[in-house]
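Thanks for coming. I will go through one structure this morning, piece by piece. Please keep the picture open while I talk.

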Amino acid sequence: MISGNAKVCGVIGNPVGHSLSPLMQNYFAEALGLDFIYVPCNVKNNQIEAAIQGIYALGFWGLNVTVPHKQSIMPYLKEIDQAALSIQAVNTLVRIDGGYKGYNTDAAGLYRALKGHGIEVEGQDCLLLGAGGAAKAAAYMLMEKKARSITILNRTFEKAETLAGEMNRLFGREIMTAMPLGDYEMLKKDSYLAIQTTSVGMHPQVDAVAIEDREFYKKIHTGVDIIYTPKETRFMKLVREANGRAVNGLDMLIYQGIIAFELWNPKIQISKEITDKVRQMMEEKLKG
Ligand code: NAP
């Protein structure tokens with residue numbers, strides 16, 4: 001039961017109607033018997049500052065922030081966590097005295113998802129497909145978790161170059177290099193962990209993939225697509241057909257939400273049983 005003292009959290013985005021976060025966060029609260037409620041809030045792009053002031057005045061305890069507000073919200077926060085500053089995007093807010101502190105749970109969420117599937121990062125030669133917002137979180141995670149080398153392949157080469165330069169400077173190691181997407185034949189290693197972060201192949205363009213050439217997939221021992229609709233993307237299919245292992249982005253989505261829930265409820269840890277149940281619910285929901 002939700003009482004008059006319930007902790008209120010929510011998600012802001014534009015649009016937010018498709019968000020699975022209300023389903024997930026309200027399920028966590030229900031399963032744990034917490035007095036907690038999570039609501040969707042559609043906020044127009046020119047209303048961010050007003051929204052932050054409004055939710056603070058209304059007593060909201062925390063927020064998730066989704067597209068397109070992950071960067072534009074940053075000037076209105078009281079504090080920003082170091083990882084979120086490095087990734088230049090915030091997806092979770094926690095109430096502090098006088099405002100909110102911003103975090104980014106995408107990098108840690110991706111790492112927990114990989115761990116859950118028994119996928120190691122340390123010492124691996126990695127490929128990062130894409131250099132957009134999600135790629136920044138993935139790049140940060142790969143650097144932090146001590147990948148041996150990271151090659152970023154992106155359609156717009158300059159964006160890959162900028163990201164590699166930023167990450168090498170931040171971590172003080174020259175292990176990230178940029179490559180135009182079309183130059184994949186020049187890759188030097190034979191066996192990569194690949195993280196697919198482009199939006200190519202996402203529903204409804206389910207037959208699309210950033211690199212079509214089957215030869216490329218022979219070099220991938222594990223391919224993680226951070227897209228979760230469809231359940232098996234064309235990228236994943238091509239990895240599997242070349243005898244690699246493939247994982248989709250649903251667990252990243254779930255774990256970034258779990259980490260946010262744990263930030264709002266510091267004494268709580270979400271169990272494996274609850275995680276499994278929420279994954280099942282979300283898979284059902286995505287089937288439509
Ligand atoms: P974004 O900032 O718009 O970046 C899109 C990326 O895709 C860029 O690297 C872009 O390359 C590339 N791209 C787009 N169209 C392309 C094409 N036709 N050919 C080659 N490359 C193309 O988007 P984002 O926020 O990073 O999100 C990317 C995907 O990740 C989305 O599908 C999103 O749903 C998913 N995602 C999943 C999670 C999760 O929790 N599982 C979290 C965040 C995002 P250019 O730089 O050349 O434009």
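**Strands, a helix and a ligand**

Strand S10, residues 192-196, and strand S11 run parallel and are joined by 5 bridges. Before I go on, please note that this is a predicted model. To find that pairing on your screen, look for Gln-196, whose bridge partner in S11 is Asp-225.

S11 covers residues 220-225. It also has bridges to strand S12, residues 245-247: there are 3 of them, and these two strands run parallel. Here the pair to look for is Val-224 with its bridge partner in S12, Val-247.

Next, another sheet. It is an open one, formed by 6 strands, and the order is S2-S1-S3-S5-S6-S4. The pairing in it is mixed. Strand S2, residues 36-42, and strand S4, residues 79-80, are at the edges. Each of those has a single partner strand, so one side of each has no neighbour in the sheet. Further in, S3 and S5 pair in the antiparallel sense, over 3 bridges.

H2 spans residues 48-57, and its buried residues are Ile-48, Ala-51, Ile-52 and Ile-55. Why do they line one face of the helix? Looking down the axis of H2, the buried residues fall within an arc of 100°, so they line one face. What do they pack against? They pack against strand S3 (62-65), strand S5 (92-96) and strand S6 (99-103). On the face turned away from that buried side, H2 carries Gln-53 and Ala-57, which are exposed. After H2 comes Gly-59, with a positive phi near 85°.

Last, the ligand. It is surrounded by 21 residues, and the closest are Ala-134, Asn-154, Thr-156, Lys-159 and Ile-226. A polar side-chain atom of Asn-154 is 2.8 Å from a ligand oxygen atom. For Arg-155, again with a polar side-chain atom, the distance to an oxygen atom of the ligand is 2.9 Å. Gly-132 uses a polar backbone atom, 3.5 Å from an oxygen atom of the ligand. Taken alone, the ligand exposes 930 Å², and the protein buries 73% of that.

That is the end of my part.

Conventions
Residues are numbered from 1 along each chain as its sequence is written. This is a predicted model: local features need pLDDT of at least 70, side-chain atom pairs count only at pLDDT 80 or more; totals for chains, interfaces and linings use all residues. Side-chain values use heavy atoms; hydrogens and water are left out. Buried means under 20% relative accessible area, exposed over 50%, partly exposed in between (1.4 Å probe, protein chains only). Helices (H or I, at least four residues) and strands (E, at least two) are DSSP runs, numbered from the N terminus. The arc is that of the directions from the helix axis to the C-beta atoms. Contact means heavy atoms within 4.5 Å. A residue is near a molecule or strand if one of its heavy atoms lies within 4 Å of it. A polar contact is a pair of N or O atoms within 3.5 Å; within protein, one must be able to donate a hydrogen and the other to accept it, and residues adjacent in sequence count only if both atoms are side-chain atoms. Accessible areas come from the Shrake-Rupley method with a 1.4 Å probe; for residues, only the protein chains shown count as cover. Two strands pair if DSSP finds at least two bridges between them.
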